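Subject: Structure handover

Hello,

Here is the structure we spoke about handing over.

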Amino acid sequence: MKSDIAISVSDLEKRFDQKTAVDRISFETRSGEVFGFLGPNGAGKTTTIKMLTTLLRPSSGKATVLGLNVVSEGRKIRERIGVVQQQDSFDQGLRTETSMDIYGFVWGVPKEVRKRRIDDLIQRFGMQEFRKTPCADLSSGQRRRLQVAREFVHDMDLLFLDEPTVGLDAIVRRNVLDFFKERVKGGLTIFFTTHILEEAEYLCDRIAVINHGRIIQVDSPQNLKRRFGSTKAVEFSLLEGTSAALEEKVRALEGVSKLAQEQSGSYRATTSKPEAVIPGIYRAAEGLRLTISSIYIAEATLEDAFISLVTDEETRK
Amino acid sequence: MNVYARLVYRNLRANLDRITVFFELIFPLFFIFIQGYGLGGIIPPFEVGGVTLSYPLFLAAGAVTLTVINSGTNAGTQLWFDRKNGMFEQILMGPFTRAQYILSIILATLILGLASSSLVFLIALPVLGASLSVTTSGAILVAIAIFLGTMFFGTFAIAISVALRSSETFQIVSTFAFFIFLFVSTVFYPANLAPAAIRAASLLNPLTYTTDIFRAGLFDAITPTIVLELGVLSVEAVAMFVVAVLAFRRIRV
């Protein structure tokens, strides 16, 4: 019978000399879900992936992947997983299409299957224009596309994605994420790390937030936003465009922790008391004879929840 | 298909630069045809293992064994490229073991060593062909010499590739090390006529035994010491293989 649990981790720890990179983490992921792993740089995300993909041996604790022990059954695990690493990986002496073909060959994929899949993937990832280009001559974005596409030449039950969309433009990134979603509908399980929180929100069914090697929370993106997105923001625009004097006055308002200007030209004032801040912004604008053209309370984003979780953790430490 | 065959095929396709391989073949041919004939006029024929050889012939046989050093460099380069380009970790996260991966590099190196030495040998035939008398036992000795020599220098290059952190350092150190191996050996001159210090150093050098065994097989100049030389070369090749495997197991990912 197929297990409902894809990954089970219990008190998993990894130490490098005196440094603890992953500190007794425990979590489970279900088959057929996209499980996100979010954390600041150096939080322990990649080390966790390396242990789950059997590249690194845990210092202590237990982990099973697809019901198999990561220490004693590494080879069996690796036969059933795919990995897109955070770092580039490519065969510099080969052309794009050939490198996909040889990668499939190494995995033991039959020739006819390789050909069909590679043609599909090249089409799907928009790689036609560089299918004959040597890997060494590809741009970083093209190389990343190749790296992601190449992993789908072979079969797998579980895919580890470590920051897979780094270097991709917005359109390609959305295309890649939609491709992942399709594969998940087809039964694939994905373990996904990213620093782009919109991606996690778009793709993940559940998210674990990790900081300093420890898991702080595991929940759905919606619940994380609801529970920890208490810090909100007031977004407003001026008819006159921008005003340095108004910026100074808004920053001085009680409850405003941060004021930033968005690309659109509007302002975003981060605050835990938006209802109290709005009248203050109006008064400041009137005093400067400026006109507010729009003002509203922005909904908490996953980023707000993430920042809140991580900064709370830092404060507690 | 067998997992080793798949990995070896990949190593040969993905990590071997055709231009580099081309120049690695040119290099020994340059010695054979330019240096051999250039110095042949001023160096009189001399005796090696009971057989009198002209200098071009002596050098041609030595130059063929140069290919084992070139193939060895390729083993280190294969591993270096894979580490630099992220394919080392990518392969190890696939359905392969570290042992399979490292053995596949050594196998690819052996194939390359045997193929390139055969090719150089064929091209050098106009020089060598003059007095070739290869017996069955001689052919076996030739094959063993190339096999063990490639094994030693391949695993040596893997070991230094693991130990060094930048490709530039790897290139400089391997070139310097192979330069010493080359000139403190019997490739260019018979070591028994060299000063005592060089003669002693050449007795530690696996390229000396590779070349001596190769020449002995090629010119049917087999002496009683050949068994001892085979033994020393085998021990050195196996020892270096163990060192390379131990070094490889310590690579941190």
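F178(B) is buried, at 6% relative accessible area (buried is under 20%, exposed over 50%, partly exposed in between, with a 1.4 Å probe and protein chains only). This is a predicted model, in which local features need pLDDT of at least 70 and side-chain atom pairs count only at pLDDT 80 or more, while totals for chains, interfaces and linings use all residues. Residues are numbered from 1 along each chain as its sequence is written, chains are lettered from A and ligands numbered from 1 in the order in which they are written, and side-chain values use heavy atoms, leaving out hydrogens and water.

Aromatic rings

Rings of Phe, Tyr and Trp (its six-membered ring) pair if their centres lie within 6.5 Å; planes under 30 degrees apart are stacked, over 60 edge-to-face, and the rest tilted. Over all chains this gives 31 aromatic pairs. In one of them, F156(B) and F178(B) have ring centres 5.7 Å apart and planes at 55°, so the pair is tilted. F156(B) belongs to helix α7 (residues 136–163) of chain B and F178(B) to helix α8 (residues 167–183) of chain B, so the pair ties together parts 22 residues apart in sequence. Helices here are DSSP runs (H or I, at least four residues), numbered from the N terminus. F156(B) is also buried, at 14% relative accessibility. Elsewhere, ring pairs link F27(B), F30(B), F31(B), F179(B), F183(B) and F188(B) into a cluster.

A charge sits over a ring if NZ of Lys or CZ of Arg is within 6 Å of the ring centre and within 35 degrees of the ring normal. R150(A) lies over the face of Y103(A), 4.5 Å from the ring centre, and R98(B) over that of F248(B), at 5.9 Å.

Cavities

A cavity is a set of points on a 1 Å grid over the protein atoms alone where a 1.4 Å probe fits but cannot get out; lining residues have an atom within 4 Å of a point. Points are joined across faces, edges and corners, and a volume is the space filled by probe spheres set on them. There are two cavities of 30 Å³ or more.

Regards

Definitions and conventions. Helices (H or I, at least four residues) and strands (E, at least two) are DSSP runs, numbered from the N terminus. On a 1 Å grid over the protein atoms alone, a cavity is a set of points where a 1.4 Å probe fits but cannot get out, and a pocket is an open set with protein on both sides within 12 Å along at least five of seven lines; lining residues have an atom within 4 Å of a point.
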